[in-house]
Amino acid sequence: MKALVYHGPGSKAWEDVPDAAVQEPTDVVVRIDTTTICGTDLHILHGDVPTVDAGRILGHEAVGTVTEVGPAVTSFAVGDRVLVPAITRCGRCAYCVKGMPSHCQTLGGIGWILGHLIDGTQAEFARIPFADTSLYAVPENVSNEQAIFLADSLPTGYEVGVLAGGVRPGHTVAVVGAGAVGLGSVLTTGLWGASKVIAIDSNKFRLETAIEFGATDTVEAGPNTVAEVLALTDGLGVDVSIEAVGYPQTLQTAAKLVRPGGTIANIGVHGVPVELPMQEMWIQNVTLTMGLVDTVSIPILLKMVASGHLPAEKMGTHTFTFDQMDEAYDVFKNAAANSALKVIINPS
Ligand SMILES: NC(=O)c1ccc[n+]([C@@H]2O[C@H](COP(=O)([O-])OP(=O)(O)OC[C@H]3O[C@@H](n4cnc5c(N)ncnc54)[C@H](O)[C@@H]3O)[C@@H](O)[C@H]2O)c1
Ligand SMILES: [Zn+2]
Ligand SMILES: [Zn+2]
């Protein structure tokens with residue numbers, strides 16, 4: 001089969017590799033019908049994720065068809081259309097039982113193993129461990145181009161942003177960073193009846209997109225960001241301030257936007273320490289949340305897509321085939337210049 005293989009920082013190739021096969025009784029093999037690229041794949045290619053070995057097949061998001069089933073698998077059969085999420089789970093360890101498979105102990109303490117610790121989904125076929133507890137059947141009326149964004153970006157924006165931030169009816173919400181993840185938060189705040197959703201980004205295309213995703217207001221990131229958001233919220237600040245960029249400055253901005261009693265929900269992956277003005281914040285009764293996505297909201301999000309309440313397909317701006325993998329990475333890497341959000345990659 002063919003797959004996108006990581007050959008160390010700055011190097012990857014779509015090339016022949018041994019066929020994916022069932023190795024454990026709980027495995028299935030999935031033929032990949034649609035996959036996509038995540039910002040994390042770009043981090044791996046930069047050499048920022050040293051736990052990824054050279055020779056690893058990249059990718060942790062897919063929709064596909066089961067082609068081979070291990071003897072212990074009971075919930076899936078050959079021919080089933082499935083969503084392969086970013087997080088794999090054993091379903092039985094202390095963290096899986098708690099609904100926190102991002103820390104699955106059976107998998108070595110991290111649920112993100114695909115395209116990280118084992119071969120991933122940017123390939124013609126992929127081996128998926130613990131299939132019964134990790135895969136989701138895709139409802140008939142949900143397309144591959146909708147389901148693919150429920151593998152990672154949408155659940156991240158929903159779980160680590162909207163749910164962790166405790167968005168409730170009538171709330172005002174700010175989302176700092178309108179990339180795929182921040183837009184996932186924008187798209188799902190509506191499910192909780194937020195009255196105002198303010199998207200903040202330095203990129204005008206992303207702000208225009210945010211309006212299409214349901215933002216009520218946009219603010220271009222700059223020296224007046226905080227003043228503009230306060231003006232939009234009667235001088236009070238927002239109930240929930242979501243950070244979806246991952247820089248010290250953007251978390252500091254998110255912290256300045258929240259009103260007393262509100263919540264700052266950090267989604268961004270941070271690479272350096274962040275200083276927060278605790279001398280001002282301690283008296284504000286604010287909550288700061290953070291964490292790795294669990295993807296446990298996927299069944300609910302699939303239902304919302306199936307019922308027409310969540311237009312997940314809006315995430316996909318460009319479509320490529322497997323043999324255009326390099327082009328797909330180039331467009332995604334230069335997303336701003338290409339007015340790109342997420343790419344869809346199909347076999348042909
Ligand atoms: N916690 C988790 O489980 C989890 C999972 C997936 C991704 N993430 C993280 O979420 C963050 C967002 O991911 P993404 O895929 O949407 O990334 P992205 O790069 O597509 O989006 C980031 C957005 O932030 C904007 N931005 C950059 N600088 C800004 C500034 N100073 N002010 C306002 N906006 C600014 C960019 O224009 C872009 O639109 C990343 O840090 C990513 O690593 C976290
Ligand atoms: Zn990802
Ligand atoms: Zn587990």
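I started at ligand 1 and found a polar side-chain atom of Asp201 2.6 Å from one of its oxygen atoms. I count a polar contact as a pair of N or O atoms within 3.5 Å; within protein, one must be able to donate a hydrogen and the other to accept it, and residues adjacent in sequence count only if both atoms are side-chain atoms.

I noted the ground rules next. This is a predicted model, where local features need pLDDT of at least 70, side-chain atom pairs count only at pLDDT 80 or more, and totals for chains, interfaces and linings use all residues. Residues are numbered from 1 along each chain as its sequence is written, chains are lettered from A and ligands numbered from 1 in the order in which they are written, and side-chain values use heavy atoms, with hydrogens and water left out.

**Ligand 1**

I looked up two further contacts. A polar backbone atom of Val245 sits 2.7 Å from an oxygen atom of ligand 1. A nitrogen atom of ligand 1 lies 3.0 Å from a backbone N or O atom of Ile267. Ligand 1 taken alone exposes 860 Å², and the protein buries 79% of that (Shrake-Rupley method, 1.4 Å probe).

I then listed the shell (a heavy atom within 4 Å). It holds 24 residues, and Asp201, Arg206, Val245, Gly291 and Val293 are the closest. At least two shell residues come from each of α6 (180–189), β9 (196–201) and α9 (248–257). I took helices (H or I, at least four residues) and strands (E, at least two) from DSSP runs, numbered from the N terminus.

**Zinc ion (ligand 2)**

Which residues coordinate the zinc ion? I found Cys38 (SG), His60 (NE2) and Asp152 (OD), at 1.8 to 2.3 Å. Donors are N, O and S atoms within 2.8 Å of the metal (3.2 Å for Na, K and Ca); water is not among the atoms, so sites may look incomplete. Along the chain the donors of the zinc ion are spaced C-x21-H-x91-D. His60 is in the loop between α1 (39–46) and β4 (62–69), and Asp152 is 92 residues apart from it, in the loop between α4 (144–147) and α5 (153–165).

I checked burial (buried is under 20% relative accessible area, exposed over 50%, partly exposed in between; 1.4 Å probe, protein chains only). His60 is buried at 1%. Asp152 is buried at 10%.

**Aromatic pair**

I found 1 aromatic pair. The ring centres of Trp14 and Phe322 are 5.1 Å apart with planes at 45°, so the pair is tilted. Rings of Phe, Tyr and Trp (its six-membered ring) pair with centres within 6.5 Å; planes under 30 degrees apart are stacked, over 60 edge-to-face, the rest tilted. Trp14 is partly exposed at 22%, whereas Phe322 is buried at 4%.
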